[in-house]
Amino acid sequence: AYGLSKHFVPKTFTDRYLNYEFAHPPLMHFYTAASLFLAGHLEDVKYYYDYAQKFEELMNKRPKQGEKISFSVFGFNPFEVEILKIEGDEIILDKDIPFLEPNRRLVPVGKYRFIRDNQIKEDYIPVSERTVVRKVNYGIIKSGEYWKMAREVYETFYAQPLLLYSRLPNIFFTLLSCWVVYLIVLSFTQSKILSCFALLVFITIPELLIRAVGGSYTAVDIYFILIVTYIYLAGKRKWVLFCASAMAALTDHKLLILAVSFMVTEALKGNLFRKNSPMLAMSFGFFSGTALFWIYGISINKEAFFADHFRYHFVNRIFHLQDFGYSGYSSIGNLWWEFIRVLNPFLFLSFLITFFVFMLNRFKAKTSIFLITYSVIGAFIFSIIDWRSTKHLILLIPALLLFIFDNFPSMANNRKIIVSILSLAVIFNIWRIVHFTFTMDLSLINRIW
């Protein structure tokens with residue numbers, strides 16, 4: 001936030017051995033920066049930028065003969081050594097030291113035990129107490145310094161997290177999403193009562209609510225999914241659709257799934273190349289937003305951009321390369337079981353019944369073809385990547401919910417059944433939210449991310 005607002009560069013300290021944030025496009029970070037600035041707390045997060053500068057200096061640092069290095073090693077008293085000689089990337093010390101590895105703990109000791117982190121305070125951990133070396137790769141020393149910086153950043157954050165001000169944009173976009181849900185369902189059903197009921201179902205889904213008002217992309221992603229869909233279906237002016245699509249692309253690259261889904265839907269209906277199709281405005285909007293982000297990232301630091309955005313958050317996720325050491329993610333089957341559990345079985349049952357009616361009616365609800373297409377494409381992509389988490393599948397919820405209400409006009413005698421099941425879902429979800437409020441029981445959501 002600080003780097004963007006002061007220098008127009010996303011320079012910040014990360015736990016990915018980078019000092020730039022290119023994992024996602026920058027628009028959400030501008031919203032957060034604005035919130036912190038208006039609240040008078042922008043300078044309070046300057047330490048992220050300062051530590052990014054220190055990390056850059058560390059990466060450019062070279063060993064010097066005669067340099068003294070202090071070590072804090074688990075199981076040993078603090079000690080100091082001197083560099084006698086330098087051989088390429090390796091240094092020869094004046095005395096033997098244990099064979100070490102950096103301590104990769106991030107969270108302050110004693111904080112949030114549900115995060116799997118060790119409780120070692122020292123900067124290095126001996127690989128073996130019996131193995132001693134005098135020649136050390138200087139990269140290990142620099143890595144230890146990096147993780148020490150990371151712990152200092154985390155300790156500063158936990159001392160003053162500024163949760164409200166950093167989450168205000170998420171709360172704002174969640175409220176906007178509620179309004180758009182109401183408008184879309186109203187266009188489907190022509191009923192204000194059903195639109196309010198759909199809104200109640202939407203806002204009481206526990207994991208969606210918790211993640212939407214938390215520090216993630218969930219709120220802004222869902223808003224742009226809804227608003228682009230609404231503008232497209234309502235036949236608004238094409239320049240409005242272009243702007244919304246470009247802003248969506250500048251918010252999160254995952255939202256490209258939305259554009260692909262619309263293209264596939266139009267192709268299935270034979271309307272892809274129809275004259276005056278809004279598809280052109282949407283496609284050009286997503287293309288323009290994505291191109292602008294790429295040009296922006298490459299112009300600032302092309303090495304960091306390609307590493308963070310393309311390699312770490314695109315290519316390596318498809319080919320399951322554990323570059324960050326993240327592991328223990330669910331199998332595809334367990335991922336979907338967790339999703340149904342946190343979504344609410346009653347809500348999922350409503351979707352299944354609606355889908356059955358939709359098939360019997362021979363795809364009468366035309367908007368539902370897009371909603372199903374988007375859900376299938378999203379489900380496939382979020383199932384094959386290695387970072388399998390319900391936080392990604394949450395982005396399918398708006399389509400699943402809208403699908404149910406899009407088919408309401410053609411349900412006839414099944415409406416009461418669906419309303420009854422959804423009412424049970426709402427009651428169950430409200431109970432779960434109240435339970436979470438008093439117990440902070442994280443089993444309510446998928447704990448992985």
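1. Lys-11 is buried, at a relative accessible area of 10%. Here buried means under 20% relative accessible area, exposed over 50% and partly exposed in between, with a 1.4 Å probe and protein chains only. The side chain of Lys-11 meets that of Glu-56 in a salt bridge of 2.8 Å, N to O. The pair joins distant parts of the chain, with Glu-56 in helix 3 and Lys-11 in the loop between helix 1 and helix 2, 45 residues apart. Glu-56 counts as partly exposed, at 31% relative accessibility.

2. On the basis of the note: this is a predicted model, in which local features need pLDDT of at least 70 and side-chain atom pairs count only at pLDDT 80 or more, while totals for chains, interfaces and linings use all residues. Residues are numbered from 1 along each chain as its sequence is written, and side-chain values use heavy atoms, with hydrogens and water left out. Helices (H or I, at least four residues) and strands (E, at least two) are DSSP runs numbered from the N terminus.

3. A salt bridge is a side-chain nitrogen of Lys or Arg within 4 Å of a carboxyl oxygen of Asp or Glu. By this rule the count is 15 salt bridges. One of them joins the side chains of Glu-43 and Lys-6 at 3.6 Å, N to O. This pair also links distant parts of the chain: Glu-43 is in the loop between helix 2 and helix 3 (46-60), and Lys-6 is in helix 1, 37 residues apart. Glu-43 is partly exposed at 46% relative accessibility, and Lys-6 is partly exposed at 45%.

4. Asp-123 and Arg-151 form a further salt bridge, at 3.1 Å, N to O. Asp-123 lies in the loop between strand 3 (90-102) and strand 4 (124-137), and Arg-151 lies in helix 4, 28 residues apart. Asp-123 is buried, with a relative accessible area of 14%; Arg-151 is buried at 4%. Elsewhere, Arg-16, Glu-21 and Asp-308 are linked in a network of salt bridges.

5. Rings of Phe, Tyr and Trp (its six-membered ring) pair if their centres lie within 6.5 Å; planes under 30 degrees apart are stacked, over 60 edge-to-face and the rest tilted. The count by this rule is 43 aromatic pairs. Among them, Tyr-146 and Trp-147 are edge-to-face, 5.2 Å centre to centre with 75 degrees between the planes. Both Tyr-146 and Trp-147 are buried. One aromatic cluster is formed by Tyr-20, Phe-22, Phe-293, Trp-294, Phe-305, Phe-306 and Phe-310.

6. Most residues other than glycine have a negative phi. Leu-162 is buried, at 11% relative accessible area. Phe-8, also not a glycine, has a positive phi of about 60 degrees and is placed in the loop between helix 1 (2-7) and helix 2 (27-38).

7. Two helix residues conclude the note. Contact means heavy atoms within 4.5 Å. Ala-425, in helix 17 (residues 415-439), is buried at 2% relative accessible area. Leaving aside neighbours within four places in sequence, Ala-425 is in contact with Asn-344, Phe-346 and Leu-347. Cys-178, in helix 5, is buried at 10%. With such neighbours again left aside, Cys-178 is in contact with Leu-199, Phe-202 and Ile-203.
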